[in-house]
Each structure stands twice: as structure tokens, then as C-alpha cells.
Amino acid sequence: MSDFAAQVFQNEYLPAGGEVVDAVVTVTAAEGASAGRPNEMVEVIVIDTSGSMQGDRGAKIASARDATKVAIDTLRDGVLFAIVAGTELAQVVYPFGQPLARADERTRTEAKAAVSRVEAKGGTAIGSWLKAASSLIAAAPGAISHVVLMTDGKNEHERPHELDEAIAGSVGQFQCDCLGLGTDWIKAELDKVSSALLGRTDIVPTPGEMEFQFRALTEKAMGKQTGNVALRLWTPQGSQIEFLKQVAPELDDLTPKAQTVSPLVRDYPLGAWAGGEDRDYHLQVRVPVGSVGSERLAARVMLVVGGVEQPAALVRALWTDDERLSTRINREVAHYTGQAELADAIHDGLAARDSGDDETATVKLGRAVQLAHETGNDETVRLLQKVVDVEDPDAGTVRLKREVADVDAMTLDVRSTRTVRVNKSQ
Amino acid sequence: MSNEPAPDNGGGPSEARRCPTCSEPAPPETKFCENCATELDTGESLSAGPRPRANPAVSAPCVDCGAAGDNIDRDDYCAMCGAKQPDARDHLELDDGAVAAVTDKGLRHRRNEDACSIAALSTGAVLVVCDGVSTTDHPDRASEAAAEIARQVLERAVSQTLATEPGTDLKKAMQDAVDAAQQAVLAVEPIPGGQGNPSTTIVAAMVLDQGDGKLDVLVGWLGDSRGYWIDRSGATQLTVDHSWANEQIDAGLMPEAEAQADTRAHTITRWLGRDATDVEVSVVRQEVPAEGMLLLCSDGLWNYAADPESLFDLVNGMHHLSPLELARQLTAFAVDSGGHDNITVALARFGDQATMSVTDSEPAP
């Protein structure tokens with residue numbers, strides 16, 4: 001279990017009558033070995049084996065088998081694991097006759113042999129896959145549990161409410177990263193799963209890239225040391241939390257995930273953390289106005305680890321009539337406000353493009369190029385350049401490309417929430 | 001220290017009064033331990049030293065929402081509405097009759113990092129003003145610790161001089177006081193990864209009434225907190241700021257106007273703290289007629305009355321006020337002028353207050 005530290009970046013000063021307080025909070029887990037016994041860890045890999053996976057002359061299912069074997073080889077000795085093949089129902093490929101196997105040379109070999117026999121045939125019912133993962137993971141209560149879920153298609157063999165119920169039943173049981181292969185899957189569906197289950201959704205543009213992504217996700221999961229961390233926020237009476245977003249390494253709005261602890265205290269689940277990991281959060285809170293010269297605590301940020309509160313960082317509001325103080329722009333807040341605007345501009349630009357509104361698409365994607373360029377978000381600039389021709393990145397002048405591969409547009413959309421850290425742009 | 005709990009000597013005749021440091025029996029009414037010279041609590045206000053730092057609002061309801069006092073957390077915020085509760089040091093007044101001091105947070109700073117400590121003695125006075133350096137860690141604690149210990153050392157020196165040791169070297173006593181203050185500042189731990197080692201300025205004064213109509217005034221300082229002597233003929237600045245501009249001028253490196261116009265002009269070059277290269281105190285000693293007043297202040301005041309003439313003009317109309325009221329008025333003047341820094345004013349008045357006025361004929365109330 002790690003110790004956590006939180007650092008606040010904000011302009012504490014508000015003008016007379018000001019009520020909106022913005023702060024960026026950097027949360028860092030301490031580096032180094034965890035005290036006491038290491039946590040039990042569970043990894044479940046769910047691969048889509050529906051009929052569509054037979055596509056690309058069998059390349060999809062072949063890649064899925066290979067990527068799953070690589071993931072199995074990435075498991076640390078002693079980690080509990082299972083492999084699930086998903087169609088209109090979920091089938092446990094490995095282990096046999098028990099929910100989870102403990103990784104060692106023998107079980108890894110057996111699991112890989114079982115994966116080799118997986119065939120692509122049937123439908124897609126993601127909710128049933130989640131339910132299967134959940135029932136396997138229930139065999140190791142208290143473990144840090146992680147699921148990799150890969151699909152190439154829509155959730156078409158169950159009703160939407162069945163998926164919603166499966167997600168709700170999985171919240172708090174495990175974290176889930178989703179991978180969408182190709183362009184026939186629905187971003188909103190996988191986003192719903194990964195957001196609720198504190199993971200990310202990414203695209204696998206071609207089958208050949210699946211292996212790398214499976215390995216990366218599994219390695220990341222193996223690095224987690226502290227499970228079930230929550231950010232606890234106290235805000236004053238009469239205040240309103242406008243939002244709490246994770247802003248680095250990726251945008252994720254945590255506002256709807258608030259769990260009320262007491263009238264003034266809310267918890268936001270952050271999932272599992274690796275030693276030395278750090279993440280940035282942007283908090284905006286509206287507080288009752290104070291008189292000039294007075295100070296109010298706008299928020300107290302705590303980390304809850306294993307049910308124990310760890311020390312806080314304070315977000316303050318000080319009212320002043322000194323404009324030099326109240327108009328100061330905090331670098332971190334400004335940076336992440338820009339990264340959020342960048343993601344919105346991409347989303348809106350692509351939506352306008354899909355609906356044939358080229359004028360709006362050009363303006364939005366131009367603004368996106370400008371923001372990404374300004375803030376040093378080179379990866380996003382690269383993805384944007386596959387959708388637009390950039391004339392002047394400083395001014396944000398672009399032209400829509402006539403021919404855009406679906407996979408490029410989708411990749412830009414899926415990865416638009418990736419942010420860069422504040423120091424990279426300065 | 002005067003604010004340490006004293007042995008309870010009110011309980012019964014068997015409970016002898018003892019020194020809290022060395023346990024030496026101490027006769028009633030003695031001010032210092034005869035064995036180790038620790039200041040003893042006489043059960044009365046010997047001096048107007050620092051008031052308890054405990055926040056008086058802790059048991060009081062929240063100043064903003066009125067929530068019960070047990071809602072005030074350790075950081076002095078209300079756990080209901082978040083309002084910061086006033087700190088005792090935001091505005092503190094010390095009154096020892098002829099000697100008084102006021103220290104105030106001002107309008108711009110988040111806390112008061114100035115500190116002062118005073119003592120009126122039967123035959124003189126001791127005053128100390130410290131201005132914690134804002135760009136260092138815990139400047140408020142550094143200034144408070146320095147002012148308190150310096151006042152104790154000086155008070156002891158003055159008492160001993162007058163009582164038993166006429167030959168006491170007062171300049172050495174001043175250096176001893178500054179050395180003790182330096183030790184106290186060094187004892188304030190910096191914040192790991194913080195801004196810098198706790199640091200503070202200091203200006204300290206001993207005034208001895210020689211009994212022949214003259215006062216022996218000795219002022220020592222490090223930094224830009226100042227001492228002035230003010231009498232019927234005007235105000236005289238006794239101290240010379242340890243500032244970048246003054247060093248340039250003294251070294252002949254720059255004409256005065258140019259040095260004063262530089263952005264570094266007011267940067268202090270001497271202070272107390274771990275980064276101070278030496279803490280040899282600058283001392284000025286003057287014999288003055290026993291009618292007038294000694295004023296020590298932080299730059300929160302003198303920034304708005306930089307030359308002695310403007311300070312004299314300010315004081316001259318307020319001769320009828322008590323030292324405390326005068327200190328309040330000067331503080332209010334600095335707040336009204338913008339209050340950009342913490343403000344501390346400590347003053348000691350000698351002789352007939354009415355003689356202070358040369359131009360103002362308004363009768364005392």
C-alpha cells in the first residue's frame with residue numbers, strides 16, 4: 001500500500017463578488033515497495049470470438065489468439081487469471097473447473113494451448129462477458145482485479161439495459177480497459193464500460209497492433225500496488241462542485257461518479273495505482289462569496305486508501321480588490337482548460353463532419369490544430385493531420401481532407417482525450 | 001518564558017515557588033531565578049510579552065456562519081462554511097502603560113508575519129520588532145521566536161544594569177540578545193521542499209533612564225525594520241536599513257537616486273536565519289533628554305512615511321494620545337494608506353506627554 005501526496009495549483013485570489021474557484025490537484029503515489037504483504041492480483045482477458053472476428057481472412061482471430069498469448073506471458077508469477085471467449089454468451093477458455101488459475105509455467109502453457117483452440121463463431125453480447133468476468137473475479141475478494149476486453153463489433157445480441165445492468169454489477173469489482181478492433185465497434189458502448197469501470201477505451205486500428213496493446217495493458221495492470229483508492233472532497237456548505245475531472249494522463253470526467261459520504265463530503269473512485277504514479281485533476285467549485293479580505297476554504301482534498309484518510313491538500317479562496325492578484329492566470333489551470341477544449345473541439349469537429357456540416361467541422365478542427373500545436377500535444381497534431389490539411393497551425397487554418405480513412409477519423413476521436421502534461425508545453 | 005505555565009503556588013503554604021528551569025526555590029515577587037536567571041512568572045503582567053498563540057476563536061462560534069466552536073478545524077477553517085477564522089496575530093495590541101505596541105496583518109497579506117515584544121521597566125524600557133521574511137518558510141514563527149527571546153535577554157540586561165551591575169556592557173547585551181534570537185530562528189524548522197529557511201529582520205531597543213534628565217538609548221538592528229527618536233525638535237531616524245540600495249550607495253557603486261530607483265533597492269542584505277552570513281548587530285547609541293519617544297516599526301509603516309519629517313508630521317498632531325492609542329493611530333494610517341504589508345509599531349514615551357507638542361495646541365482630553 002502506497003502513501004499518497006496531493007499538491008494544489010491555483011490562483012487563490014478572487015475579485016470582489018467572485019465565486020468560482022479553479023484548481024489543479026496533482027496526486028502522486030509514493031515510489032517503492034508496498035508495506036506488508038503484496039495485494040492479490042487478478043487479470044481476466046476477454047476476447048471477442050464472434051463470427052465477424054473471422055474477417056480479414058482469419059487475421060483478426062489469429063491476432064486475437066497471439067495477443068492473448070502475449071498477455072498470458074506478461075502475467076507475473078502468482079497472479080490469478082482467466083481467459084474468456086465472448087460471443088452471445090461468455091465461455092471460459094481457461095482455467096477448467098475452477099474460476100481462476102495462479103500463473104506459473106504450467107498454467108501459462110495450458111492457457112496458451114487452450115487459446116489456440118478458440119474459434120470465431122457466434123454473436124456479441126458484451127454484458128454477458130462482463131457478468132462472466134465478474135463471477136470469476138468474485139472468487140478472489142479484495143484482490144486488485146483488472147479486465148482487458150477486446151471486441152470488433154456492436155453489442156447486438158442483448159438489449160442495452162442488459163449491458164447497463166452488467167456494468168452496474170461490475171462497478172467496484174474490477175477495472176476494465178476496452179479495445180475496439182477496426183471501425184465496426186461503437187465508441188459510446190465501450191466508453192460506457194471503461195468509464196464506469198475506471199479504465200480507458202482505445203482503438204486497435206489493425207489486427208497487427210493488437211499484440212502490442214495487449215502487452216502494454218497487461219504490463220500496466222501488473223504494476224498496480226494499491227487498489228480501491230478514492231479521492232475525498234470536502235466542500236463548504238452552500239457550495240456546488242461544478243466538476244472534478246481527471247486531466248492527465250487522460251481526460252475523464254469524475255463528476256458523475258461522486259459518492260456522497262456526508263452532506264459536505266464526496267468520494268470519487270480512482271481505482272488502482274502503481275508506485276510513483278501521478279495523475280492530475282481539475283476541480284471547479286462554486287463557493288458562497290466572502291467579503292474582500294476574507295478567506296474561505298473552497299475544498300479539502302484527501303485520499304482514501306484502504307478505508308483510511310490520508311492528509312489533505314487545501315484549495316482556498318481569498319477575496320481581494322487588488323486586480324493584479326485576482327486576474328493572475330494559473331498556468332496549470334489554463335493548460336488543462338486548453339486540453340479539455342481541445343478534446344471538445346475534436347469531438348464537435350468530427351460530429352459536424354459526419355453530419356455534412358463542413359463549415360463547422362473546419363472551424364472546430366482548425367481550433368483543435370491550433371490548441372494541440374500551442375500546447376505541444378504532438379501526438380494529437382499527428383492524428384489531426386490525417387483528417388485535415390493544416391495551412392497555418394498558429395492561426396488554426398485548415399482544410400478538410402477529401403479522402404479520410406474511417407480508421408483515421410475513429411482513431412482521432414478515440415484518442416482525443418489524451419492530454420499532455422503542463423511542463424511539456426512551456 | 002513568561003508564557004510557560006508557572007508552578008502553582010496558590011494552592012497552599014507548603015507549595016514553595018520554584019524556578020521552572022532549574023527548580024531553585026524562588027522568593028515571592030522575584031522576577032528572575034537567582035541560580036539560572038530564567039525569567040519567573042510573578043503572577044502579574046511583568047511585561048506585555050507575546051499573547052498565547054492559541055486561536056481565541058477556537059471555542060467561539062464561526063465568525064461567518066455561526067457554527068459551534070467545535071467545528072473549527074486545526075487549520076482554523078470552519079468545517080461547515082470553510083471561513084478562515086481570525087488569527088490572534090491578525091491584530092494584536094500590547095499595552096504596558098508608557099510602552100505599547102500594535103501589530104496588524106494589513107490588507108494584502110494572508111497572515112501577520114511581524115512580531116513584537118515590549119516591556120516597561122521602572123527605569124527604562126525594552127522594545128523589539130521583527131518582520132518575518134515572506135519568501136521563507138514560517139516567517140511568522142521566526143519573527144515571533146526572535147522578538148520574544150530578544151526582549152527577555154534585553155530586559156534582564158537592563159534590570160541587572162540598574163540593580164547591581166552598573167558596568168554591564170549594553171552593546172554586548174544587544175549582541176547577546178541578537179545571538180539568542182538567531183538561535184531561536186534556527187530552531188524553526190524549514191518545510192521540506194519549501195521556499196527557504198525561516199528568516200526575519202530585527203530591531204531592538206533598550207532605554208535606560210539615567211536619573212539626571214537624560215536617557216541612554218541603544219538600538220540594534222539587522223534588516224530594514226527601523227528605530228526613530230521623536231521629540232519636540234523633530235524625528236530622527238536612528239537606524240540605517242540594511243538594504244541593497246544603501247549598500248550600493250555606501251560602497252560608492254551607484255549614485256543614491258539610481259540605487260533607490262533600482263528594483264532591488266529594498267531587498268534586505270542582513271537578517272536572522274540559517275542563510276544569514278553573520279549576525280553581528282548594527283548598533284546606535286544616543287544620550288537624549290528624557291522627554292520624547294522612541295518608535296520602532298516594520299516597513300509596513302515606514303513605507304507610507306519614509307522620511308522622518310513625514311513621520312513627525314503624523315505624530316505631532318496626536319500628542320494627547322496614550323502610547324497604545326498612538327500606536328493604533330499610526331497602524332490605522334498605514335492600513336488606510338493601502339496596508340500592502342504587515343504593520344508593526346512599538347513605542348515608548350518618556351517625560352510629560354504634553355511637551356511633545358510644539359505646534360499643536362489642542363488640549364489633552
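## A cis proline in a loop of chain A

Pro95(A) sits in the loop between β6 (90-94) and β7 (101-102) of chain A. Helices (H or I, at least four residues) and strands (E, at least two) are DSSP runs, numbered from the N terminus. The peptide bond that leads from Tyr94(A) into Pro95(A) is cis, and its omega is near 0 degrees.

A cis bond also links Ala248(A) to Pro249(A), with omega about 10 degrees. Pro249(A) belongs to the loop between β12 (240-248) and β13 (252-253) of chain A. Such places are worth a look because most peptide bonds are trans.

## About the model

This is a predicted model, in which local features need pLDDT of at least 70 and side-chain atom pairs count only at pLDDT 80 or more, while totals for chains, interfaces and linings use all residues. Residues are numbered from 1 along each chain as its sequence is written, chains are lettered from A and ligands numbered from 1 in the order in which they are written, and side-chain values use heavy atoms, with hydrogens and water left out.

## Two residues with positive phi

Most residues other than glycine have a negative phi. Asn228(A) has a positive one, near 50 degrees, and is found in strand β11 (residues 224-234) of chain A. Is Asn228(A) buried or exposed? With a relative accessible area of 61%, Asn228(A) is exposed. Here buried means under 20% relative accessible area, exposed over 50%, and partly exposed in between (1.4 Å probe, protein chains only).

Asp76(B) lies in the segment before β1 (91-96) of chain B. At 15% relative accessibility, Asp76(B) is buried.

## Helices side by side in chain A

Two packed helices are described by the angle between their axes and the distance between the axes. Take α3 (residues 126-137) and α4 (residues 160-170) of chain A: their axes come within 8 Å and cross at roughly 20 degrees. Axes are lines fitted to C-alpha atoms, for helices over the stretch in contact, and angles run from 0 to 180 degrees between N-to-C directions. The angle therefore makes α3(A) roughly parallel to α4(A) (under 35 degrees; over 145 is roughly antiparallel, 65 to 115 roughly perpendicular and the rest oblique). Residues in contact (heavy atoms within 4.5 Å) include Leu130(A) and Ser134(A) of α3(A) and Leu163(A) and Ile167(A) of α4(A). The residues of this contact divide into 5 nonpolar, 4 polar and 2 charged. Ala, Val, Leu, Ile, Met, Phe, Trp, Tyr, Cys and Pro count as nonpolar, Asp, Glu, Lys and Arg as charged, and the others, Gly among them, as polar.

Now look at α8 (residues 331-354) and α9 (residues 358-374) of chain A, whose axes come within 8 Å and cross at roughly 155 degrees. That angle makes α8(A) roughly antiparallel to α9(A). Among the residues that meet are Leu342(A) and Ile346(A) in α8(A), and Leu365(A) and Ala368(A) in α9(A). This contact has 10 nonpolar, 3 polar and 5 charged residues.

## Chain B as a whole

How many helices and strands does chain B have? The secondary structure comes to 7 helices and 13 strands. Chain B has 365 residues, and 52% of them count as buried. Of the contacts in chain B with a separation of 6 or more, 64% are between residues 24 or more positions apart.
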